[in-house]
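Hello,

Here is the structure I promised to pass on to you. Please open it alongside this note, and then read on for what was found in it.

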Amino acid sequence: MPVAGNWYLSVPSFPGFPGGRRTRASAAVQGDRPTFVCDMIAIMSDSTFDGVIVGAGFAGLYMLHRLRGLGFSARVYEAGSGVGGTWFWNRYPGARCDVESLEYSYSFSEELEREWQWTERYATQPEILRYLNHVADRFDLKRDIQFDTRVTSAIFDESSNRWNIVTDSGGRASAKFCVMATGCLSTSKVPEYPGIDSFQGKTYHTGHWPHEGVDFTGQRVGVIGTGSSAIQTIPNVANQAAHLFVFQRTPNFSVPAHNAPLASDVDKNWKAHRAEYRQRARTAPFGLLFEQNDKSALEVSREERQRQYEERWGYGGLGMMGAFGDLLFNKEANDTAAEFVRSKIRGIVRDPAVAETLVPRDYPLATKRLCVDTGYYATFNRDNVTLVDTRSTPIEEVTAKGLRTSDAEYELDSIVFATGFDAMTGTLCNMDIRGRAGVTLKQKWSEGPRSYLGVMVAGFPNLFIITGPGSPSVMSNMIVSIEQHVDWIAGCLEYLREHGLATIEATVDAEDAWVAHVNEVANATLFPMANSWYMGANVPGKPRVFLPYIGGVGVYRQKCEEVAAKGYEGFALSACGS
Ligand SMILES: Cc1cc2nc3c(=O)[nH]c(=O)nc-3n(C[C@H](O)[C@H](O)[C@H](O)COP(=O)(O)OP(=O)(O)OC[C@H]3O[C@@H](n4cnc5c(N)ncnc54)[C@H](O)[C@@H]3O)c2cc1C
């Protein structure tokens with residue numbers, strides 16, 4: 001059946017052009033015979049923009065929408081073949097958000113929010129991807145996005161004050177400003193085991209899951225890693241596989257999601273009070289709406305502590321972190337919550353030896369990303385699941401048949417790497433980004449990332465990073481943080497235009513002071529006690545620096561607003577032609 005609607009055509013790239021431009025052609029239907037009225041198949045010759053945005057996830061899409069609204073010309077480059085970012089790539093079974101769907105969504109458009117209906121308390125990857133496609137279509141964003149195109153370099157030309165962008169298809173573009181919407185968790189990390197190429201079965205990474213899905217029925221599967229993605233995928237793989245071996249180096253704390261269909265009264269209530277909820281999230285410490293109890297865990301009775309923890313465990317989700325005000329600052333207080341979760345693990349897992357291996361002991365609760373699961377610990381009660389402790393018996397090599405640890409060889413048909421990401425800096429440092437005097441971002445960040453407010457870097461004028469290191473980013477509901485950064489950047493660009501300014505650039509002094517502040521705040525918490533990806537500890541050789549800003553989403557927002565209100569305090573601004 002012919003269908004009327006919009007069709008996107010794509011043409012290949014030509015030397016000197018930034019690549020084929022997808023142009024919209026309308027398909028008119030006459031009877032049952034379609035006549036395609038192709039308006040044009042335009043070769044993109046306009047390689048000069050006000051702004052280039054790299055990435056078409058939550059951040060890049062909203063940035064494009066805001067720039068358009070302000071009348072700036074913009075082009076988005078996206079390595080994937082569709083929008084969605086995280087939700088385009090991470091298609092492993094069980095992938096879903098662990099921030100509740102109603103909160104894990106854009107707030108910028110009331111109409112969008114009213115017309116979209118989430119079906120579950122925690123949306124699945126396919127549903128979030130549908131949502132992002134809906135957003136892109138609703139705001140007609142795809143015509144300015146060039147898919148299947150990876151930006152390989154972005155180089156600042158000091159004579160023209162412009163960024164020159166080069167892509168992997170040989171395309172080039174020039175822009176006054178460049179926005180990196182490249183994501184905090186978009187460069188997968190695969191451990192460098194010897195023999196990895198010799199394996200004769202199939203390998204997968206949760207962050208690059210095949211679009212057609214994987215059927216593990218009848219297979220012996222090994223999952224390496226027990227972080228957030230692993231904890232979501234393990235129960236699902238166990239349902240299919242003949243046998244699942246879980247290779248765990250560090251056990252993780254996980255709390256139940258208690259996922260369920262989204263009740264219609266919850267949805268109605270949200271829509272009736274959305275403005276109030278959204279405003280609260282913008283000023284909440286983590287950008288999340290769970291109730292934060294400000295009391296110390298140590299000032300209440302044992303019974304009261306137990307009641308708080310039981311209530312939050314029973315409700316499910318990340319609210320466990322808000323049970324008491326000092327859980328992330330006081331080890332003794334944290335121990336009470338950690339011990340509560342440990343007792344839950346021991347209560348769920350029948351085999352005491354397996355339970356003890358799953359119990360985290362050597363870092364405080366929530367100082368590695370707290371996981372949210374559906375049936376994770378109970379999965380280890382299944383006969384077809386074996387937990388392998390690779391801390392006591394390390395993986396030594398990948399063999400043709402499977403994995404060899406220090407005491408056994410495990411024969412496998414498939415290996416799933418749930419080994420996470422080179423978080424926050426990996427994607428940016430993989431690009432050749434050069435600021436003043438040809439200094440690369442990689443060089444500048446060789447001893448750890450430095451930024452002012454986590455959004456700009458001294459020596460890199462007009463380069464903005466959405467949710468960059470030094471901003472709340474992964475320590476928050478990311479959508480709240482993304483919208484805040486995008487709005488701040490949009491306001492900044494408007495300011496530059498109104499004041500006839502050519503460039504904005506963080507000063508070294510402001511950057512030094514911010515980095516010191518980020519470290520000081522982190523050091524006042526328990527976070528540095530964990531070898532986590534927040535600290536860069538999952539990537540060999542990566543400097544150990546606490547990457548996000550833990551001072552709180554509300555405090556951070558206020559700081560950014562004050563900086564803007566004071567004419568961009570801490571930034572050097574240069575006039576056009578200067
Ligand atoms: C499995 C998983 C679950 C998550 N769940 C939650 C959650 O519940 N709550 C929460 O707050 N956060 C969650 N996150 C974090 C999540 O990454 C953010 O919430 C959000 O999706 C980030 O959006 P983004 O647009 O900033 O980045 P991304 O979604 O990562 O998009 C970045 C895009 O940039 C593209 N890109 C990168 N480099 C280049 C290049 N050089 N050239 C062209 N394109 C490039 C990538 O292909 C990617 O599509 C989760 C992350 C993962 C991996």
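**Around the ligand**

Sorted by class, the shell around the ligand holds 18 nonpolar, 13 polar and three charged residues. In this sorting, Ala, Val, Leu, Ile, Met, Phe, Trp, Tyr, Cys and Pro are nonpolar, Asp, Glu, Lys and Arg are charged, and the others, Gly among them, are polar.

Before going further, please keep in mind that this is a predicted model, in which local features need pLDDT of at least 70 and side-chain atom pairs count only at pLDDT 80 or more, while totals for chains, interfaces and linings use all residues. Residues are numbered from 1 along each chain as its sequence is written, and side-chain values use heavy atoms, with hydrogens and water left out.

The ligand is surrounded by 34 residues, and the closest are Glu78, Thr86, Asp98, Tyr104 and Met478; a residue is near a molecule if one of its heavy atoms lies within 4 Å of it. A polar side-chain atom of Thr86 is 2.7 Å from an oxygen atom of the ligand. The backbone takes part as well: an N or O atom of Ala59 lies 2.9 Å from a ligand oxygen atom, and one of Ala79 lies 3.1 Å from a ligand nitrogen atom. On its own the ligand has 980 Å² of accessible area, and the protein covers 95% of this (Shrake-Rupley method, 1.4 Å probe).

Elements giving two or more residues to this shell are α1 (58-69), α2 (86-89) and α13 (478-498). The largest share, three residues, comes from α2. Helices (H or I, at least four residues) and strands (E, at least two) are DSSP runs, numbered from the N terminus.

**A kinked helix**

Helix α5 (residues 228-240) has a kink of about 35° at Ile234, shortly before the proline Pro235. The bend is the angle between axes fitted to the seven residues ending at a residue and the seven starting there. Among the buried residues of α5 are Ile231, Ile234, Pro235 and Val237; buried means under 20% relative accessible area, exposed over 50%, and partly exposed in between (1.4 Å probe, protein chains only). Their cover includes the strands β11 (220-224), β12 (243-248), β13 (254-256), β14 (371-373) and β15 (385-389).

Leu403 sits in strand β17 (residues 402-405) and is buried, with a relative accessible area of 0%. Leaving aside neighbours within four places in sequence, its contacts (heavy atoms within 4.5 Å) include Ile224, Phe247 and Tyr410.

Asn477 lies in the loop between β21 (463-465) and α13. This residue is buried too, with a relative accessible area of 1%. Not counting residues up to four places away in sequence, Asn477 touches Val99, Glu103, Tyr104, Phe286, Gly287 and Leu288.

Glu120 is found in the loop between α3 (110-115) and α4 (125-138). Its side chain makes a polar contact of 3.0 Å with that of Arg96. A polar contact is a pair of N or O atoms within 3.5 Å; within protein, one must be able to donate a hydrogen and the other to accept it, and residues adjacent in sequence count only if both atoms are side-chain atoms.

Asn133 belongs to helix α4 and is partly exposed, at 24% relative accessible area. Not counting residues up to four places away in sequence, Asn133 touches Val83 and Lys142, and a polar contact of 2.8 Å joins the side chains of Asn133 and Lys142.

Best wishes
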